[in-house]
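Here are my notes on the ligand site and the salt bridges. Please read them with the model open.

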Amino acid sequence: MTSREPLSTEPYKGVRDFYPADWAKMQYVFDTVRTLLRRNGFEEYQASPLERAELYESKTSEEIVNGQTYTFTDRGDRRVTLRPEMTPTLARMIANKRHELVFPMRWFSIGNRFRYERPQRGRLREFYQVDVDIVGIEDGKAEGEAIMRAHQILSAFGAKNEDFEIRINSRVLINTACHELGLSEEETLAYIALVDRKEKMDTKAFEAERSAFRRNGADPLELVEANAVPAIAEERAKVDALIAALAERGMRNAIFSPTLMRGFLYYTGTVFEVFDTNPENSRALFGGGRYDGLVSLFGGEPVPAVGFAFGDVTLLDFLETHGLLPAHLTGAPDLFIGIPDASDSQGIHAAYDFADTLRARGVNVLMNLSGKHLGDQVKEAVRRTIPYFLAYGAQEAESGTVTLKVLNESREEMLATGDVAAFITGTK
Ligand code: AMP
């Protein structure tokens, strides 16, 4: 480097640094989701974010492949892409071990994804997603299970039915309508892409482009809405049955949404999205659908699959706008143990032992390592946003009692040493 300009401390455009308090929020979200999914029989998997570029070139979304992937050539001349989404990786992993895996599979994964998007509210270049997939079930039980988990995840954070809406559609409807009107496969994909962009376009421009797809005076969406073609009515009945089954289980916020397409090319049946009902945060929180053809791209028989994904950015926005994030997610330890006398090695030894007994009982303990006065150790604990402080030396070891400071309430509790762990963990 020739320039003497200091290096920038800013992260790369569109990505984030997570300082401990930021990461504590993410961990709270991931831990809540992980616990819930594991309790429902789901298993967690993981893979590298580096994939062969060709994995995305045949079957993901054109918008993503052409405009949004981070693709480079490595030193061995291989074209590599940082994964923009997880579903192709999952399909590859299933195809690779299809004879060993036990179907149906219920799998999930939590990790970062990379898309070269214009950074804006809710959209970044690196974000985290939770992917949830049910693989090996051909009928609507898979959709029911997936949507139930999506609903349950939001409920686990305290969201109510009126806070979000589950929009459901099936690609079969629009595919059948396009076929019925004689549109080619290419035209069908173009029509789907147009309807997918509908919300982002002004009505006039949308209607103008849409008119190119009219055949004999009819438009594919109108044909879906008319519900008169038998194959359309049959599929529509399946969507309605799914919505009715969800309502029966208390999920009354699911609705039929004929214009919902989803951008990915690999969807073959049901598609769904979860929307925040708050107009300030009107974005898709979750998106998913059925992709029965993806695994067979790697050869062999098709494997039916339904999955959905949701991102950390939109979910945290949702939790924040609805006041559903706990207040004290700081990532700080629970307790600061202060040392009253830095020269009393016996007392310090006893403090270390006491700290270990608390840790063994689930308390996150930070021990003072400095020679500061006790008062300054208390101040340090406050700056670190640690909720509890106690001093431990020869006197506490001998008496078997400590004075526990509850720092954010400026009060103290006299406790027997044996009661400290239960007191602290009871408030966590
Ligand atoms: P998709 O994989 O495009 O269907 O998106 C599924 C979910 O991932 C969305 O509903 C968002 O929550 C999230 N997501 C997608 N792209 C981004 C992005 N660029 N930045 C942040 N979150 C994203």
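A polar contact here is a pair of N or O atoms within 3.5 Å; within protein, one must be able to donate a hydrogen and the other to accept it, and residues adjacent in sequence count only if both atoms are side-chain atoms. This is a predicted model, in which local features need pLDDT of at least 70 and side-chain atom pairs count only at pLDDT 80 or more, while totals for chains, interfaces and linings use all residues. Residues are numbered from 1 along each chain as its sequence is written, and side-chain values use heavy atoms, with hydrogens and water left out.

1. A polar backbone atom of Ala284 sits 2.9 Å from a ligand oxygen. Leu285 also brings a backbone N or O atom, 3.4 Å from an oxygen of the ligand. Arg262 uses its side chain: an N or O atom there is 2.6 Å from a ligand oxygen. On its own the ligand has 480 Å² of accessible area (Shrake-Rupley method, 1.4 Å probe). The protein covers 93% of that area.

2. The shell. The ligand is surrounded by 15 residues (a heavy atom within 4 Å). Arg115, Glu117, Leu124, Arg262 and Thr314 are the closest. Seven shell residues are nonpolar, four polar and four charged; Gly counts as polar in this scheme. Which elements each supply at least two shell residues? They are β6 (126-135), β10 (284-290), β11 (305-311) and α11 (312-321). These are DSSP runs, numbered from the N terminus: helices are H or I with at least four residues, strands E with at least two.

3. Salt bridges overall. The count is 30, taking a side-chain nitrogen of Lys or Arg within 4 Å of a carboxyl oxygen of Asp or Glu. Opposite charges on side chains can pair when the charged atoms come close. One network links Asp31, Arg34 and Glu44.

4. A pair within a helix. Lys238 and Glu235 form a salt bridge, N to O 3.7 Å. Both belong to α10 (residues 230-248) and sit three residues apart, about one turn of the helix. Is Glu235 buried or exposed? Glu235 is buried, at 11% relative accessibility; buried means under 20%, exposed over 50%, and partly exposed in between (1.4 Å probe, protein chains only).

5. Two further pairs. Asp139 meets Lys141 at 3.0 Å, N to O. Asp139 is partly exposed at 38%, and Lys141 is exposed at 59%. Glu412 and Lys405 bring their closest N and O atoms to 2.7 Å. Glu412 is partly exposed at 48%, and Lys405 is partly exposed at 26%.
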